[in-house]
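Please look through the sequence and the model shown below before reading on.

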Amino acid sequence: MTPNDFPQMEITPEKRSMWRNLSYVWLVPVFALIVSLGVAWQSYLGRGVLITIEFENAAGITPKDTTIRFHDIVIGTVEEVSFTSDMAKVIVSARIDKTVAATLNPETLFWVVRPEVSARGVSGLSTVLSGVYVDSAWVPIENSEARAFVGAAQTPLIQPGLEGTRISIRTKDGSSLTAGAPVFFRGIEVGQLDTPVLSDTGDSTTVEAFINAPYDKFLTTDSRFWNMSGFSVSLGPSGLSLNVASLGALLTGGVAFDNVVSGGDPVTDSTVFSLFESETTARESVFTQLSENSVTMAVIFAESVRGLNAGALVEYRGLRVGQVSSIGAFIDRGTGQNAVRLRALLKIDPQTLGLAADADQATTIAFLESLVEDGMRAKLATTSLFSAALKIELTDTVGEEAARIGPDANGTPVIPSIPSELPDFTATAEGVLKRINNLPIEDVLNQAVSLMASIEAIASAKGMLEAPDAALGLISEMRSLIGKDDTQAIPTELRGLVGELRGIVTDLRAQGAVDQLISALGNLDAASANIATASGDLPALIADLRAIAAKANDLKAEELLEAVTRVMDSANALLLTDGMKSIPPALASALDEVQAALRDLRDGGAIENTNAALASAREAADAVAKAAADLPDVTGQLNALVAKADKLIATYGAKSTFNTETLDLLRELQKTAKAVAQLAQTIERNPNSLIIGR
Amino acid sequence: MENTRNTQQLLTAREAGLVGCSVCGRVHPATASVCLRCGAAISSRDPHSLQKVWAWLTAGIITFIPANTYPMLVTETLGSETRSTLIGGVLELMHHGSFGIAAIVFFASIVIPGSKFIAIAYLALGIGRPQRLSTHRRHQIYELVEFVGRWSMIDVFVVAILTALVQLGSAASIHPGIAAVSFALSVVFTMLAAQSFDPRLVWDADKDTHA
C-alpha cells in the first residue's frame with residue numbers, strides 16, 4: 001500500500017478573501033460580546049454615586065448589606081465603613097442611585113433606623129429581623145453636587161420635606177418639654193416638639209416645634225402656647241379645677257396653643273413664641289399685654305406696699321385696666337418733714353378703659369382726670385382672700401376731698417390715693433385671732449361646769465333617787481293586786497257556782513226520772529226550762545268575768561313602765577325649771593298618794609265586794625241546792641199527792657221566789673262584773689290615772 | 001489504541017484517497033460529496049472547522065466573564081438580599097470550613113471550564129504548527145474535552161434546583177442571577193466549540209510534520 005496507488009486528490013488552495021470565508025458562527029461571539037458589554041455598561045451606569053455620611057457610630061451597619069432608604073424605598077447600599085482621619089467618627093460610604101443622588105440637598109438628613117422604644121411608642125421593629133438601615137429625608141433640589149453629609153444621631157423628629165411651619169417656643173423651664181412631645185390645638189395633635197436646646201446664656205430654653213400642614217394655618221402672631229404636661233390642679237375663686245391632657249402628654253408632656261384673640265397675622269418659619277405655664281395664664285396674657293400707647297401714671301402711698309409687685313394688677317371697678325410697672329420710694333419734703341413715700345408707677349391701657357385703641361396720652365389722661373374729679377381714687381387691695389399679694393384698685397368714692405391729677409417731681413401724672421381698709425392680710429388674721437382670744441371662754445366653761453354640777457346634785461338628790469323605787473313599789477303593788485288570790489279566785493268561784501247550779505239541775509233531772517210522775521214531769525220540765533233560761537245568761541257572765549280576769553292579767557307591766565318612764569321624762573324635764581329641787585319630794589309624795597290610793601283601792605274592798613257578791617251568789621246557789629235537796633221529799637210527797645203536784649209545781653214554776661232570786665242574783669253579779677271590767681278598762685286606757693289620781 | 005506507539009505506520013483516509021461519512025461512518029471515494037447511505041454531506045476536511053472553533057470559543061470565554069463577575073444566586077432571607085458570585089461562594093464555603101465542597105465547586109465551576117478553554121485553544125492553535133505533544137495525545141485531549149463537556153452544567157443544575165425548591169415567600173427565596181445564564185451559555189458555547197473542532201485536522205498536522 002503506497003500512496004501512489006490512489007488517485008491524487010485535488011487540493012485547491014484557499015484563495016478567497018478572509019472576510020468572504022468568514023463563518024456565520026462568528027456572529028455568536030460578537031453578539032455575546034455585545035450583550036456582555038451591554039450588561040456591564042448597564043451595571044456601570046446603575047452603579048450609583050458614592051456619597052459619604054458621617055456618623056457617631058456605625059452600630060449595626062454592614063457594608064454591602066445595609067441599605068439607604070428614602071420614603072422606605074431602597075435608594076442605595078452601604079459600600080464601606082471607615083473612620084475619619086482623627087478616628088473620632090465613622091464614615092459610611094454608600095452608593096446612591098444616580099437620579100436620586102442628583103436631588104440630594106446639602107441639608108439632607110441621614111439617620112440609622114434601629115428598634116426604639118419610647119413613651120410615644122415602639123418604632124423600627126422591622127429592623128429587628130432585617131437589620132438596621134439608613135433612612136433619609138430631604139427636600140429635593142436639582143443637579144445636586146453634595147456628596148458628603150453628616151448623619152443624625154437619632155431619628156429626627158421634624159423631618160425635612162414635611163409640609164408645615166417650623167416655629168420656636170421659648171420658655172424658662174424646659175423640664176416638661178421632651179423631644180417628640182405633641183403639640184395640641186384644641187385637643188388635636190397637630191405637631192410635635194424637637195429637642196429642647198438651652199440658650200447660650202443658659203437662662204432660657206428654646207424648643208423648635210413643627211406644626212404640620214394644614215394645621216399651621218391656625219397659627220397666628222396672636223397664638224398663645226402653654227404647657228400641657230400631664231395634669232394640673234388649681235384652687236381658685238371659682239373652685240377646684242383639674243385639667244388632664246391626653247395620656248401621651250401625661251407621659252411626655254406637651255404644649256398646646258390656641259388663638260386667644262382673633263386677627264393675628266400669619267406666622268412665618270422661625271417665629272418665636274413664649275410658653276405660658278398654663279392655659280389660664282396664656283389666656284390671661286392677652287390682658288396683661290398692654291398696648292403700646294398705654295399711659296404711665298403714678299400713685300403715691302403713705303402706707304406699706306408689702307405684697308405689691310411689679311406686674312400687679314390695676315383694676316377699675318373690677319376690670320383689669322393696666323399693671324404696675326415699678327415701685328419705688330422717695331422722700332417727700334413737701335410737708336415740711338422728710339416723710340418717706342412709696343410710689344408705684346402704673347401703665348394704664350386706654351383700650352381697656354373703653355377709649356379708642358390708638359388714643360393718645362393726653363386723651364387718656366384727660367379721661368382719667370374726669371374720673372378723678374368724679375371721685376375716683378387709687379387704693380391698695382388684696383387680690384384674694386388667701387393671698388398676701390396686693391393690687392391697685394381704682395375705686396369711685398363719695399365724699400372724698402376734691403383732688404386732681406397732678407404731676408409729681410418727675411412730671412408723671414399722679415392719681416390721688418386713699419388709705420386702704422385692709423392694709424394687710426396678716427393684720428386681719430391677727431384681728432380675728434384677737435377676737436377669738438377675747439371671747440370669755442373660761443367664764444362660759446366655768447358656768448357650764450357649775451351647771452353640770454347642779455344637774456348632778458339634782459340627779460343625786462335623795463328624793464330623786466327614791467323616785468324610781470317608788471315607781472317600782474307602785475308596779476309591784478299593781479302586780480300584787482292582779483296576782484292576789486282573791487282576784488284570781490273570782491273565776492274559780494264562778495265556776496264552782498255554775499257547777500253547783502248544774503248539780504241542782506242534774507239532781508232535778510234525776511228526780512224527774514220517776515216514771516210515775518210523767519205528767520208532773522212536764523211541769524218539772526217547764527221549771528227546769530225556766531232555770532235553764534235563767535242560767536242561759538250565765539255563759540255571757542262567765543265570759544265577761546273571764547275577760548276581766550284576762551284584762552287584769554294583760555295589764556302589762558311594760559306599758560306601765562313605759563308610762564312611768566314618760567313620767568320620769570317629764571320629771572326630768574322639770575329639772576330644767578327653777579325650783580326643781582322641790583319636785584322629788586313632791587313626786588315622792590304623789591307616789592305615796594298613788595300608793596295610798598292603791599291601798600285604798602285594795603282596802604276599799606272592791607274585790608271583797610265582788611267576792612262577797614260571789615259568796616252571796618254561792619249562798620244563793622247553796623239555797624238552790626238545798627231546795628233541790630228538798631226536792632226528793634217533795635217528790636216523795638208528790639208520789640202520794642199527785643193531784644197536788646200540779647199546783648206545787650205551778651207555784652214552783654214561773655213565779656217562784658227561787659227563780660226570781662236566782663235571776664236577781666245573777667243580774668247583780670253581771671253588774672258587778674261589768675263594773676270590774678270598766679275599772680280594768682279605765683286602768684288600761686289611762687294607767688297614768690292610777691298615779692295621777694285622775 | 002494499540003496504534004499509538006507506532007504512528008509511523010499510520011495511514012490517513014485522505015492519504016488513502018478515501019473519505020469517511022462523519023455521520024454513519026461509511027467510507028467513500030475521495031470524490032464523493034454526499035453519503036450514499038445516509039445522505040449526509042461528506043467532506044474530507046471541514047474547511048470552516050477552525051473558524052467555528054474560534055468563534056464558539058470566543059463566545060464561551062466572553063460569556064464566562066459575567067458568569068464570574070455577576071451573582072450566580074440571589075438569596076433573600078427575611079428581607080435581606082444576598083448575592084453570591086461563583087468565587088464568592090467558594091470563598092464563603094472555605095470561610096465556613098467546608099473545604100471539600102469548596103474544592104468541588106471551585107473545580108467544577110472555575111478549573112474545568114478554564115481547562116476546556118485552554119485545551120480547545122491549544123488544539124486549535126496546534127493545527128498547522130509543529131507540536132511537542134504527539135497527535136495521539138492531542139486526540140486524547142480532544143476526546144476528554146468532548147467527554148467532560150456534558151458534565152459542565154452541574155452548576156446550572158444546582159442553581160435551577162435551588163431556585164425551584166427554595167421559594168418560601170418572604171422567609172427565604174432564591175433566584176438565579178445573571179451569572180447562571182452566562183455560565184450556561186459559556187458551557188454551551190464551549191461544547192459547540194469542541195463539537196466544531198475537526199479532529200482529523202490534528203492528524204493532517206501530524207502528517208505534515210512528519211512528511
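S24(A) and strand S25 (residues 390-396) of chain A pair in the antiparallel sense over seven bridges, where two strands count as paired if DSSP finds at least two bridges between them. Helices (H or I, at least four residues) and strands (E, at least two) are DSSP runs, numbered from the N terminus. This is a predicted model, in which local features need pLDDT of at least 70 and side-chain atom pairs count only at pLDDT 80 or more, while totals for chains, interfaces and linings use all residues. Residues are numbered from 1 along each chain as its sequence is written, and chains are lettered from A and ligands numbered from 1 in the order in which they are written.

**The eight-stranded sheet of chain A**

- Eight strands of chain A form an open sheet with mixed pairing, in the order S24-S25-S21-S22-S23-S20-S27-S26.
- Strand S24 (376-382) and strand S26 (406-407) of chain A stand at the edges with a single partner strand each, so one side of each has no neighbour in the sheet.
- Within the pair formed by S24(A) and S25(A), A:Thr382 stands opposite A:Leu390 in S25(A).

**Helix H6 of chain A**

- Helix H6 (residues 361-373) of chain A lies across strand S20 (295-301), strand S23 (339-348), S24 and strand S27 (413-415) of chain A, and runs at about 35 degrees to S20(A); axes are lines fitted to C-alpha atoms, for helices over the stretch in contact, and angles run from 0 to 180 degrees between N-to-C directions.
- H6(A) has 13 residues and reaches 18 Å from its first C-alpha to its last, close to the 18 Å expected at 1.5 Å a residue, the expected span being 1.5 Å times one less than the number of residues.
- The buried residues of H6(A) are A:Thr364, A:Leu368 and A:Val372, where a residue is buried if 20 or more other C-beta atoms lie within 10 Å of its own, exposed if 12 or fewer, and partly exposed in between, with C-beta atoms placed from the backbone.
- Seen down the axis of H6(A), these buried residues fall within an arc of 80 degrees, so they line one face of the helix; the arc is that of the directions from the helix axis to the C-beta atoms.
- On the other side of H6(A), A:Ala362, A:Ser370 and A:Glu373 are exposed.
- Just after H6(A), A:Gly375 takes a positive phi of about 110 degrees.

**Strand S8 of chain A**

- In strand S8 (residues 133-137) of chain A, five of the five residues are buried, with A:Tyr133, A:Asp135 and A:Ala137 on one side and A:Val134 and A:Ser136 on the other.
- Strand S2 (residues 67-70) of chain A pairs with S8(A) in the parallel sense over three bridges, and A:Ile68 stands opposite A:Val134.
- Strand S5 (residues 109-113) of chain A pairs with S8(A) in the antiparallel sense over five bridges, and A:Val113 stands opposite A:Tyr133.

**Where the chains meet**

- The contact takes 19 residues from chain A and 23 residues from chain B, two residues being in contact if their C-beta atoms, placed from the backbone, lie within 7 Å.
- On the side of chain A that touches chain B, H1(A) gives the most, with six residues.
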